[in-house]
Amino acid sequence: MKIKNSINLHKGLTFIFILSVMTIYNNFNIGAWIYLALHGTYGILWLIKDKIYPDKQWETEISFPLGIILFFILGLYWIAPFILISSNKQPSEILIATAVIINIIGIFLHYSSDAQKYYTLKYHQGLITEGFFARCRNTNYLGEILIYLSFTLLVNHWLPYVILTGFITLIFVPNMLKKDQSLSRYDEFANYKQSSGLIFPKLFINSSEK
């Protein structure tokens with residue numbers, strides 16, 4: 001099996017999982033519905049993206065046991081909706097609005113930058129130093145972090161914050177650094193690295209870095 005099999009299964013089941021928890025706890029308040037709409041739709045969009053412009057790094061072959069382990073690791077993301085729905089917490093209107101805004105920005109950055117990367121590399125190999133990647137080397141990861149941050153804000157519980165921090169620290173950042181190491185084979189990477197941020201866009205550039 002491939003890495004993407006575990007990821008896609010988790011993304012595809014997210015909508016069903018959240019709706020099931022809502023049914024079990026008979027919680028159909030606005031907070032639960034908003035969470036279902038945001039996180040459930042994110043999973044559906046992921047599956048659509050995988051069909052239109054898949055990410056090659058998820059095509060890696062893995063053993064079936066490792067695939068099962070990966071699925072359960074991703075299952076940590078389901079703790080957030082479980083806490084929100086089972087506790088019957090109702091996020092405030094301001095918190096809901098903030099989460100929706102952050103989610104929309106994250107969706108835009110994540111899926112749009114992934115599309116740029118896929119179609120650029122399809123026709124031209126090399127560094128991508130324009131568009132979404134002009135000032136940030138990992139705009140797709142930034143978008144994904146914002147997406148999961150929006151889910152965490154809705155729940156507003158310490159545990160989802162710890163889980164998100166763990167994924168960023170143990171998975172996202174190491175992947176970004178590994179990508180930097182791979183791109184360092186290009187002569188122009190040194191200059192590109194100076195003018196771009198690892199996660200957040202580098203908006204201001206010193207004249208000595210141009």
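**Exercise 1. State the accessible surface of the chain and the share that belongs to carbon and sulfur atoms.**

Solution. The accessible surface, from the Shrake-Rupley method with a 1.4 Å probe, comes to about 11,300 Å². Of this surface, 68% belongs to carbon and sulfur atoms. The model is predicted: local features need pLDDT of at least 70, side-chain atom pairs count only at pLDDT 80 or more, and totals for chains, interfaces and linings use all residues. Residues are numbered from 1 along each chain as its sequence is written, and side-chain values use heavy atoms, with hydrogens and water left out.

**Exercise 2. Determine how the rings of Y148 and F151 are arranged.**

Solution. Step one is the rule: rings of Phe, Tyr and Trp (its six-membered ring) pair if their centres lie within 6.5 Å; planes under 30 degrees apart count as stacked, over 60 as edge-to-face and the rest as tilted. By this rule the chain has 19 aromatic pairs.

Step two applies the rule to F71 and W78: their ring centres are 6.0 Å apart and their planes stand at 85 degrees, so this pair is edge-to-face. For Y148 and F151, the centres are 5.4 Å apart and the planes stand at 90 degrees, so this pair is edge-to-face.

**Exercise 3. Decide whether Y148 is buried or exposed, and do likewise for F151.**

Solution. Buried means under 20% relative accessible area, exposed over 50%, and partly exposed in between (1.4 Å probe, protein chains only). Y148 has 3% relative accessibility and therefore counts as buried. F151, at 1%, is buried. Both residues belong to one aromatic cluster, which includes W46 and F167.
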